[in-house]
Amino acid sequence: MSFWNDPLKVAADWLLGVFTGWGMPELAANILIGFLGILILISLLMVLDIGLVWVERKVVARFQDRIGPNRLGPFGLIQPFADIIKLMIKEDITPAGADKVIYNIAPMLSMMSVLILWAVVPLAPAILGVDLNIGVLYIIAAGSIGTLSIIMAGWASNNKFALIGAFRQVAVMISFEVPMLATMLIPTILAGSMGTAAIVEKQDIWYVLLAPLGALIFLIAAIAELGRAPFDLAEGESELVSGYNIEYSGMKFGMFYAGELLHAFTFGGFWAILFFGGYRFFGLEKVSPFLAIAVILFKAFIGYWLIMWVRYTLLRIRIDHMLAFNWKFLTPLAFTLIMVTALMNALLAGAPAWLYIAGMFLSNIVVAWGALEIARFYSRRERERIEGKQVVAAGH
Amino acid sequence: MVPLSWYLVFAAALFSIGMFGVLSRRNAVAILLGIELMLNAVNINLAAFWRYGDVRLMTGQVFAIIVFAVAAAEVAVGLALVISVYRNRHTVVADEIDMLKW
Amino acid sequence: MTGEQIVFLVVAFFTLAAGFMVVTTRNLVHAALWLVAALFGVAVTYVTLHANFLAVVQVVVYIGAIAILFIFAVMLTRRDMRDQGPQMNKNWWLGALLAVLTFGGLYFLLQGWEGMTKTATSYPVSFDAISELGSALVSPVGYVLPFEVASVLLVAALVGAVYVAFNPRNGDTRK
């Protein structure tokens, strides 16, 4: 077994040898190695995060027909470092009347809720933080900590805009958690396990082929969970100035911002893991774990790019429309889809592969078509009701 | 290895703290907070008995999950009642909600 | 003292301290946040008991939903929430006495029980508690009836909460 086949284990064994050579007990050495692993993963993620700042600015510029940062370094690559230096040397303000402890904990919790997600991201066949058999629920649990951080930030700032932003964001996050968890159950049903590693292992056929509608609902719910446009009610620059993080300055704001970027990227990654085969790409993952990591990062970037595309193309929608969309359309649809998927999965259990795929795909299409027909029927009735009234008003 | 007694004493202490909150706080929301602590103490006991008994019998965990459901239902209805009372009486202090007393 | 015992003691102390803060803090939002801390401690306790599913559900249900609901409720009933006036009723000492007596009584009862000093058997290596739990919840010989009753209870609570908290005066809470 060489370093290139199983880097994590080789490195851990080597470190264990070194530490026990220094006279450290084995348990302490193992704990220390675990902490080192976490530290390295988080450091790499933060470096990636700095890269994401550049990617985000460059991509939004292209969508808006601009060039984006291009002065500092080649292609403006040094721009994010300049941004960080600016954030660091800014004055660190705590508003009068703020609840100091909670105010300062909130950005940390926000960042933490994103970083702990990476504990269950399978980067390569044997490379993941911890193989939890409840990985899917763990993702939702980490999201709840993010919700908590937002309401803490909004409340502790002692600012009405911040509080309204936090209320909106929390209402959105709590309600969109429901369809999100429901669609996360679809890969769980198909793979027969809640663990992220097992879901990737079982994905000989990408689940997007078996549950295209599920993948779509997951993406919508994820965008809402992230608070990005068209669901960026928490920020709502034109109404709420900046929402829950209005009072934050310097690096504390930077932590919210970096957390949001990394969150978007992470959900791109989860989208890839749950529906696009994770690190698997036509046997490429078997060649080398490093190739597998490259594959998952590439897929995550595609998901992230899609989220950015949506963000910079669509307009913000109103909070009541958004909640109504969730509770009256997305949630029932997601629940119907779970039932249909479970039923089809049981019915087609012994069928040949082509029939299985075709059946699953067609059932998804039928559910989507039915949902759209029902939505169209109700919206037509609503429109006729309003337009009918207008005709009467014009007759007077 | 942690003996079972530690978990039981821990749960008993948490239960007592929650009970103190329920009996002593004036605010109705704070009383509900105390009830949450008590329910959690019970759940610790259930999980501990599952672990220290036969692990293959899932009764303890099933019971804990039903307690979760009950806790969620209790909080939803309880807080709805508190908000409704607040709307009509402009108070959430438990002593002052005495419409049935004369 | 083994590592597990140290972890347990730290978590238990943290949880009890947070629980104590919940019932004594004057500021109710702080009390709700201390509740989050206490519930997180309980979640860690579940992990020490190998009940991973319960731990994650604890975080999702309690921290993600119940604690947030509490914070909302505190803010919605805020007019009386200023830190004035006593937060304890005048019989608080009686409550404290009763709590201490309860703890003492429970401790006394547990002392006399022979299962008290039991230590756990080692956790079976290839035992999948999640799938066991899942099949126990839906199998007819298991707990499908309590499970269904719990779901009916949740639906009833949902409808009831909406009905009770719904304001017929079109959202205007001020008179």
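This is a predicted model: local features need pLDDT of at least 70, side-chain atom pairs count only at pLDDT 80 or more; totals for chains, interfaces and linings use all residues.

Me: What's the confidence like for chain C?
Reply: Its mean pLDDT is 81, and 87% of the residues in chain C reach 70 or more. For the model, the scores are ipTM 0.87 and pTM 0.86.

Me: And how much of chain C is buried?
Reply: Chain C has 175 residues, and 33% of them count as buried. Also, if you take contacts in chain C between residues at least 6 apart in sequence, 47% join residues at least 24 apart.

Me: Let's zoom in on H2 of chain C. How long is it from its first C-alpha to its last?
Reply: H2(C) reaches 30 Å with its 21 residues, close to the 30 Å expected at 1.5 Å a residue. This helix is mostly covered, with 16 of its 21 residues buried.

Me: What follows H2(C)?
Reply: C:His50 does, and its phi is positive, near 65°.

Me: Switching to the chains. Which pair has the most contacts?
Reply: Chains B and C, among the two pairs of chains that touch. Their contact takes 77 residues from chain C and 65 residues from chain B.

Me: Which part of chain C gives the most there?
Reply: H4(C) does, with 11 residues on the side that touches chain B. That side of chain C has 55 nonpolar, 17 polar and five charged residues.

Me: How many residues of chain C are in contact with chain A?
Reply: 17 residues of chain C, and they meet 18 residues of chain A. H2 and H3 of chain C each supply at least two residues of that side. The largest share, 11 residues, comes from H3(C). By class, this side of chain C divides into 13 nonpolar, three polar and one charged.

Me: What about chain A and chain B, how far apart are their closest C-alpha atoms?
Reply: They lie 14 Å apart, and no contact joins chain A and chain B.

Me: Now chain A itself. Where is A:Trp271 found?
Reply: In helix H11 of chain A.

Me: Is it buried or exposed?
Reply: A:Trp271 is buried, because it has 22 other C-beta atoms within 10 Å, and the cut-off for buried is 20 or more.

Me: What is A:Trp271 in contact with, leaving aside its neighbours within four places in sequence?
Reply: A:Phe218, A:Leu219, A:Ala222, A:Phe276 and A:Gly303. That A:Gly303 is also one of the buried residues in H13(A).

Me: OK, so what covers the buried residues of H13(A)?
Reply: The cover includes H1, H2, H9, H11 and H12 of chain A. As for length, the 23 residues of H13(A) should span 33 Å at 1.5 Å a residue, and the end C-alpha atoms are 33 Å apart, which agrees.

Me: Last one: where does A:Ile31 lie?
Reply: In helix H2 of chain A, which covers residues 26-63. A:Ile31 is partly exposed, because 13 other C-beta atoms lie within 10 Å; partly exposed falls between the exposed cut-off of 12 or fewer and the buried cut-off of 20 or more. A:Ile31 and A:Asn364 are 333 residues apart in sequence and 46 Å apart in space, C-alpha to C-alpha.

Note on methods
Residues are numbered from 1 along each chain as its sequence is written. Chains are lettered from A and ligands numbered from 1 in the order in which they are written. Two residues are in contact if their C-beta atoms, placed from the backbone, lie within 7 Å. Helices (H or I, at least four residues) and strands (E, at least two) are DSSP runs, numbered from the N terminus. Ala, Val, Leu, Ile, Met, Phe, Trp, Tyr, Cys and Pro count as nonpolar, Asp, Glu, Lys and Arg as charged, and the others, Gly among them, as polar. The expected span of a helix is 1.5 Å times one less than its number of residues. pLDDT is the predictor's confidence in each residue, from 0 to 100.
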